[in-house]
Amino acid sequence: MTQSRETSGLEKVLAARLADRQARSQLRRLTSFPSSTADFSSNSYLSLQLVPELRQAYISLLERHASSSPTGPLFGSGGSRLLDGNTPFAESLEAQIAAFHHAPASLLFNSGFDANVGLFSCVPQPGDIIVYDELIHASVHDGMRTSRAAQRIPFRHNTVMSRGCDKDQGPGSLERVITDLIQGERGEAIKRGRNAVFVAVEGVYSMDGDIAPLEQINSCVTRLLPAGNGHIIVDEAHSTGLFGDQGRGLVCEYGLEDSVFARVHTFGKAMGASGAAVLCTPVVREYLINYARTLIYTTAMPLPGLASIKVTYDFLASGKADVLRANLRNIVTRAHELLLAICTRHKTAPELLHVDPDVPRSPIIALLTGQPRSLATYCQQRGLIVRPIVAPTVPKGRERVRVCLHAANSLAQVTALAQAVEDWVWHHKTAETIPTKTRL
Ligand SMILES: Cc1ncc(COP(=O)(O)O)c(C=O)c1O
């Protein structure tokens, strides 16, 4: 007889694992907030969802398509890109994306997750090595895990040179890791260029909002791997739309288009859409079409998704997003000023609240605190949506409330957020427990 769902052994095991997470305050939950709240959480940095012209362009494009092709697919794509899911629209969008980012070619994926998994799982060949920033995104880990690379080695976050980097405490610098590789078992094959070394980094790291030193990374890789077998892959998820001229990304900002092997631009953050594109050479594109399982074995992105990406690129290329980027810059500077001033005024202990004194270049500000859930709940109860980020998403001791700023955040919202954080700090210093809003 089949066991009922409630009593099956598997259900008990799963429930116990969840209870364990709950006991460690690490249980993940789906949440949603009313639209009347102030958004300091989403990755929609440019607030493009609020631009009426963009909404109208999207609707018009869909209407034009629906009337010019009344029997063609509108909601779905009909299959994988390799079977019935390909369209001239998708191909011309890829050409537009490649041209915008000064890349020879691009290939669309349904998400950034799929793009990273597809790329990292099939491009490294047997014997190749992947060196990655220790904070690289989970999707790169999943891709690397299924790749045929001989080794996957982390390097210390954003640390290129060995100076001041103690190898006994965690991963070594990028220079140290590559130097060790050259002196190790595979050294000869690497020096002669028979095995490739892939270096995986992000442009902007989403938890601290800090930026990869791409120029130094590139110099280090070309200096240590002169045979041309060092291949840098940059995940531009959090830099797309924000950095570089008209939002072309960090690689373009630094003029490294011809130096990096591939870039992953995702559309679910500042671009306010979803999906991703890998920028690469035509050969790599063709290789991905043949080997990337996350492209081959999935239904291609349908027209509504493609259209949203197209109108967003048109908008960026028109220069109309420049003013949004300027607004965002002002909001970030003001928010940082206010939040940092709280630490100074209250001389907060680092375990209560710490804000990095450097003005952030990205729209992400980390409020480091030992009590991220308490601080986030306090703000949420006041309609200010921020998220607590706890281990294992960030290392233990680096828990924080993550503040994401947006072009459409008003100065009043930013002031209200700073006020709520300051109230929380004040209550915490003067009372044992943080009062909830209902008790105030
Ligand atoms: C750095 C980074 N890479 C890749 C992804 C995945 O992108 P997507 O949300 O489009 O799957 C994300 C987002 O979660 C990310 O932050």
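## A salt bridge between two domains

The term salt bridge here stands for a side-chain nitrogen of Lys or Arg within 4 Å of a carboxyl oxygen of Asp or Glu. Across the interface of domain 1 and domain 2, the rule finds three such salt bridges.

A word on the model you are looking at: it is predicted, so local features need pLDDT of at least 70 and side-chain atom pairs count only at pLDDT 80 or more, while totals for chains, interfaces and linings use all residues. Residues are numbered from 1 along each chain as its sequence is written, and side-chain values use heavy atoms, with hydrogens and water left out.

## How the domains meet

Domain 1 covers 29-46 + 322-439, and domain 2 covers 71-317; these bounds come from an automatic or database domain assignment. The centres of the two domains, taken over C-alpha atoms, are 30 Å apart. In contact (heavy atoms within 4.5 Å) are 19 residues of domain 1 and 21 residues of domain 2.

Together the domains bury about 1500 Å², with 57% of that on carbon and sulfur atoms. Buried area is the accessible area (1.4 Å probe) that two parts lose on being put together, summed over both. Nine residue pairs, both at pLDDT 80 or more, are in polar contact between domain 1 and domain 2. A polar contact is a pair of N or O atoms within 3.5 Å; within protein, one must be able to donate a hydrogen and the other to accept it, and residues adjacent in sequence count only if both atoms are side-chain atoms.

Which elements give two or more residues to the side of domain 1 that touches domain 2? They are α13 (322-346), β9 (364-368) and β12 (400-404), where helices (H or I, at least four residues) and strands (E, at least two) are DSSP runs numbered from the N terminus. The largest share, four residues, comes from α13.

## Around the ligand

A backbone N or O atom of F113 lies 2.9 Å from a ligand oxygen atom. In the side chain of H238, an N or O atom is 2.7 Å from an oxygen atom of the ligand. For D235, a side-chain N or O atom is 2.6 Å from a nitrogen atom of the ligand.

## Elsewhere in the chain

The structure holds 17 salt bridges. In one of them, E175 pairs with R223, the closest N and O atoms being 3.3 Å apart. E175 lies in helix α6 (residues 174-183) and R223 in helix α8 (residues 214-224), so this pair ties together parts that are 48 residues apart in sequence.

Two backbone details are worth a look. The peptide bond from A391 to P392 is cis, with omega near 10°, and P392 sits in the loop between β11 (387-389) and β12. S25, in the loop between α1 (9-23) and β1 (38-39), has a positive phi near 55°. Most residues other than glycine have a negative phi, and most peptide bonds are trans.
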